[in-house]
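Trainee: Please give me a close look at one part of this model, starting from how its elements pack against each other.

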Amino acid sequence: MPHALSILQNTFGYPAFRGMQADIIDHVTQDGHALVLMPTGGGKSLCFQIPALLRPGVALVVSPLIALMQDQVAALREAGVAAACLNSATLPDDAREIARAARSGELDLLYVAPERLLSPRFLEFLASLPQIALFAIDEAHCVSQWGHDFRPEYQQLGVLFQRWPQVPRIALTATADAETRADMLHYLQLQDARQFVTSFDRPNLFYQVVEKDSAKKQLLAFIEHDYPGASGIVYCLSRKRVDDTAQWLCDNGIRALPYHAGMSHVAREANQRAFLREDGIVMVATIAFGMGIDKPDVRFVAHIDLPKSPENFYQESGRAGRDGLPATSWLCYGLNDMVQLTQMIESGDSPDQQKQVELTKLDAMLGYCETASCRRQQILAYFGEASAPCGQCDN
């Protein structure tokens with residue numbers, strides 16, 4: 001572990017390991033498989049990035065979003081780590097150069113989407129590598145139909161164990177209820193893996209819920225009163241609402257940028273880059289924005305529509321206060337949100353059983369909003385963790 005601590009300090013610039021990080025890194029470095037549940041901002045990425053630098057060969061990181069890959073690769077390169085990603089935006093010449101670097105041992109980490117990893121051509125490429133350091137499956141809750149970001153390709157990642165049983169595998173997520181955790185163990189063939197489950201609590205977050213009256217005005221009043229000039233994220237249910245809210249905030253003197261799938265790739269990238277690099281920007285977005293975003297000084301996350309599930313809410317609100325300093329999760333909801341989301345679920349293409357699960361999660365989210373007891377206690381209980389009333393919420 002002294003070498004791991006040296007990498008932590010000299011490469012990543014952190015003075016000491018937090019929580020279970022040291023145990024996880026030691027376990028994976030010594031050929032162990034691991035399932036890691038750690039809250040947003042808890043330092044999950046280091047749990048596979050440091051073993052990747054300690055072990056010989058290239059580490060393969062399965063990641064569900066291009067923006068998430070690009071963000072992590074950019075941060076690693078800035079720290080002097082040889083990292084690359086392969087996705088649908090990678091040009092053929094660049095892909096050939098990345099493959100050459102991986103085969104010649106010049107690459108430490110290679111990020112790839114699950115769809116590409118599962119292709120016969122890519123599996124052949126993996127077989128041609130002289131050594132694979134480890135497999136890291138990030139955002140591993142995507143494996144579960146009962147989770148909130150289901151990706152069917154994730155369920156086929158058991159092939160990694162079948163083909164390379166001796167290579168350590170580490171699956172990581174910030175949010176997973178009991179059913180989702182069981183799916184992760186089953187589909188990723190991690191039944192023998194050591195499980196590292198940290199507390200889901202983020203004690204620096206203040207939880208506040210308000211009933212919706214005029215959401216944009218309420219949001220503006222909240223920002224002006226509590227966080228003038230601060231960086232924050234505002235989540236909206238629709239693209240139109242994102243555009244309207246961002247414009248409203250700009251019209252009222254707050255520097256706000258929109259982010260949603262209806263914008264061009266170039267515009268989204270430019271807005272995300274500005275948010276990550278500059279201070280005092282409020283990003284107004286659909287849930288397409290945020291997975292893996294590593295901006296430590298986000299002082300608030302505001303939802304001006306009801307989130308679809310406690311998992312969504314917890315993961316999104318957890319993007320505030322990753323630096324450990326006080327931050328706020330602010331949620332503005334109305335019963336119209338509940339009606340709209342219920343209709344969206346019932347008219348969707350999902351099987352009836354999955355619709356029922358989604359409706360149950362939506363009910364749990366409404367329960368969080370309407371509880372008269374400690375909000376932190378309620379959200380932690382949803383993830384199976386008992387806690388005392390916190391004194392750090394509006395109830």
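Mentor: Axes here are lines fitted to C-alpha atoms, for helices over the stretch in contact, and angles run from 0 to 180 degrees between N-to-C directions. The model is predicted, so local features need pLDDT of at least 70 and side-chain atom pairs pLDDT 80 or more, while totals for chains, interfaces and linings use all residues. Residues are numbered from 1 along each chain as its sequence is written, and side-chain values use heavy atoms, without hydrogens and water.

Take helix α10 (residues 215-226) and helix α11 (residues 239-251): their axes cross at roughly 45° and come within 11 Å. Helices are DSSP runs of H or I with at least four residues, strands runs of E with at least two, numbered from the N terminus. The two helices are therefore oblique to each other; angles under 35 degrees count as roughly parallel, over 145 as roughly antiparallel, 65 to 115 as roughly perpendicular and the rest as oblique. Contact means heavy atoms within 4.5 Å. On the α10 side, Ala215, Lys216, Lys217, Leu219, Leu220 and Ile223 meet Arg241, Asp244, Thr245, Trp248 and Leu249 of α11.

A second pair is α14 (residues 335-346) and α15 (residues 352-370), whose axes come within 10 Å and cross at roughly 170°. That crossing makes α14 roughly antiparallel to α15. Leu335, Met338, Leu341, Thr342, Ile345 and Glu346 of α14 make this contact with Lys355, Glu358, Leu359, Leu362, Asp363, Leu366 and Glu370 of α15.

Next, the sheet. It is open and has seven strands with parallel pairing, in the order β3-β4-β2-β5-β6-β1-β7; strands pair if DSSP finds at least two bridges between them. Edge positions fall to β3 (83-86) and β7 (194-197), each with a single partner strand, so one side of each is left without a neighbour in the sheet. Ignoring direction, neighbouring strands are turned by 20° against each other on average. β3 runs parallel to β4 (residues 109-112), joined by four bridges, and Cys85 stands opposite Tyr111 in β4. Helix α7 (residues 120-128) packs on this sheet, touching β2 (58-62), β3, β4 and β5 (132-137), and its direction makes about 170° with that of β4.

Leu118 lies in the loop between α6 (114-117) and α7. Leu118 is buried, with a relative accessible area of 18%; buried means under 20%, exposed over 50%, and partly exposed in between, with a 1.4 Å probe and protein chains only. Not counting residues up to four places away in sequence, Leu118 touches Leu123, Glu153, Gln156, Leu157 and Val159. Gln21 is 97 residues from Leu118 in sequence and 29 Å away in space, C-alpha to C-alpha.
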